[in-house]
Amino acid sequence: MNRLHVSLPGLSLKNPIMPVSGTCGFGEELSKLYDLSNLGAIIIKAATLEPRLGNPLPRVADTPSGMLNAIGLQNPGVDEIIRSKLPFLEQFSCSVIANIAGSSLEDYVETVKRITNHPRVDALELNISCPNVKEGGIAFGTDPHIAYQLTKAVKEVATKPVYVKLSPNVTDIKVIARAVEEAGADGFSLINTLLGMRMDMKTKEPLLSIKTGGLSGPAIFPVALRMVYEVSSISQLPIIAMGGVSSAHDAIELMMAGASAVGVGTANFINPWVCMDIINELPEVMDKYGIESLESLRQEIRSKRTV
Ligand SMILES: Cc1cc2nc3c(=O)[nH]c(=O)nc-3n(C[C@H](O)[C@H](O)[C@H](O)COP(=O)(O)O)c2cc1C
């Protein structure tokens, strides 16, 4: 039996670890370092209906224990992703999750329609929480009615399970989680980045071109953990958890909070082998804490959560 195996709607993963959207492109760069088949899954960069150039520079900044980004969903557009990016991933056996973004409900629906039947796409991650786009962006993820409508509309056209990516930039993440669950989501993914900013000391102006950006990296790990715990306490839907993960210990901690699988983002920029390191270290950490298998851990944790 594979102790690291985890099952989620549409995803039978040899291990729970996946590089997350925006931090691994479409896998080309990472594949030069290691065989992507070793990953549980990969969540590819956001797909929007039309190509996007993203925001003007500067759009990244260092912060203590993390970074700020305001990339603005730069991507070649869903048709180009289908034409030139997804075929590359056919050679690997890891699952592929397509991250979907848009400026309007119609945008999301059309993008999902185009990509959902692609044989290399196992599940969809609906990004309703990007803080770095002017139109829509965060509004989709902070208003429960809009989150409901968007999820429902996407579920009507999606042929693959839909994981809705929740924003941490809300007063109560449970409100949005409930709305999205009612709309028919198959699972959650959380968290996206936290809204933050830095000043340019020379110009006395905000450092990033669009003033604010998304905070990610180890600094946000305790926030992610708290939100995963809260959402898993009110819903039985599976959670792909992310936010500041950089070790096997972090991954197990998130699973103890209720996650079924774990995404790794900013840590890839510091150590591009980090996903492999985490996968290799998981058995040792599991032994240390008396965890027989990740499936048994999930069942134990979930049975404690009352809904
Ligand atoms: C440079 C960068 C680009 C990102 N692009 C996307 C994106 O296209 N779609 C999305 O849903 N999240 C995007 N994110 C958010 C990450 O997927 C992840 O939710 C967040 O960074 C928290 O994880 P981390 O702390 O491990 O990086 C991006 C994050 C970074 C740092």
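Q: Contact means heavy atoms within 4.5 Å. By that rule, which residues does Ser-293 touch, leaving out those up to four places away in sequence?
A: This is a predicted model. In it, Ser-293 touches Met-1, Arg-3 and Met-286. Ser-293 sits in the loop between H10 and helix H11 (294-304).

Q: Why is Ser-293 called buried?
A: Its relative accessible area is 7%. Buried means under 20%. The value of 7% falls under that cut-off, so Ser-293 counts as buried.

Q: What makes Pro-16 a buried residue?
A: The relative accessibility of Pro-16 is 0%. The limit for buried is under 20%. Therefore Pro-16 counts as buried. Its place is the loop between strand S2 (11-13) and strand S3 (17-19).

Q: Which residues does Pro-16 touch, not counting those up to four places away in sequence?
A: Pro-16 touches Leu-4, Val-6, Met-255, Ser-260, Ala-261, Val-262, Leu-282 and Leu-294. Leu-294 is 278 residues from Pro-16 along the chain.

Q: Why does Val-162 count as buried?
A: Val-162 has 0% relative accessibility. Val-162 belongs to strand S9 (residues 162-165).

Q: What is Val-162 in contact with, leaving aside neighbours within four places in sequence?
A: The list is Leu-124, Leu-126, Val-154, Lys-155, Ala-185, Asp-186 and Gly-187. Val-162 and Leu-126 are 36 residues apart along the chain. Their C-alpha atoms are separated by 6.8 Å.

Q: How do you know that Met-276 is buried?
A: Met-276 has 10% relative accessibility. That is under the 20% limit, so Met-276 counts as buried. Met-276 is found in helix H10. Leaving aside neighbours within four places in sequence, Met-276 is in contact with Tyr-34, Asn-38 and Leu-39.

Q: How many residues lie between the positions of Met-276 and Lys-174 in sequence, and what is the distance in space?
A: Met-276 and Lys-174 are 102 residues apart in sequence. They are 32 Å apart in space, C-alpha to C-alpha.

Q: Why is Lys-204 called exposed?
A: Lys-204 has 65% relative accessibility. Exposed means over 50%. The value of 65% is over that cut-off, so Lys-204 counts as exposed. Lys-204 lies in the loop between strand S12 (199-200) and strand S13 (205-206).

Q: What makes the phi of Lys-204 worth a remark?
A: Most residues other than glycine have a negative phi. Lys-204 is not a glycine, yet its phi is positive, about 60°. Lys-211 also has a positive phi, about 75°, and is not a glycine. Lys-211 is in the loop between S13 and strand S14 (213-216).

Q: Which bond joins Leu-57 and Pro-58?
A: Most peptide bonds are trans. The one joining Leu-57 and Pro-58 is cis, with omega about -10°. Pro-58 lies in the loop between strand S4 (41-47) and strand S5 (60-63).

Q: Is the peptide bond from Leu-190 to Ile-191 cis or trans?
A: That bond is cis, with omega near 15°. Ile-191 lies in the loop between strand S10 (187-190) and strand S11 (194-196).

Q: What makes Leu-190 stand out in the largest nonpolar core?
A: This core has 94 residues. Leu-166 and Leu-190 touch the most other members. The largest share of the core, 8 residues, comes from helix H10 (residues 274-288). Among the contacts of Leu-190 beyond four places in sequence are Leu-166, Ile-173, Met-227 and Val-228.

Q: How do you know that the chain agrees with a compact globule?
A: The chain has 307 residues. A compact globule with that number would have a radius of gyration near 19 Å. The chain has 18 Å, which agrees. Along its principal axes, the C-alpha trace spans about 55 × 45 × 40 Å.

Q: What share of the chain counts as buried?
A: Of the 307 residues, 57% count as buried. Each of these has under 20% relative accessible area, because that is what buried means.

Definitions and conventions: Residues are numbered from 1 along each chain as its sequence is written. This is a predicted model: local features need pLDDT of at least 70, side-chain atom pairs count only at pLDDT 80 or more; totals for chains, interfaces and linings use all residues. Side-chain values use heavy atoms; hydrogens and water are left out. The radius of gyration is taken over C-alpha atoms; the globule rule is 2.2 Å times the number of residues to the power 0.38. Buried means under 20% relative accessible area, exposed over 50%, partly exposed in between (1.4 Å probe, protein chains only). A nonpolar core is a set of buried Ala, Val, Leu, Ile, Met, Phe, Trp, Tyr and Cys residues joined through side-chain atoms within 4.5 Å. Helices (H or I, at least four residues) and strands (E, at least two) are DSSP runs, numbered from the N terminus.
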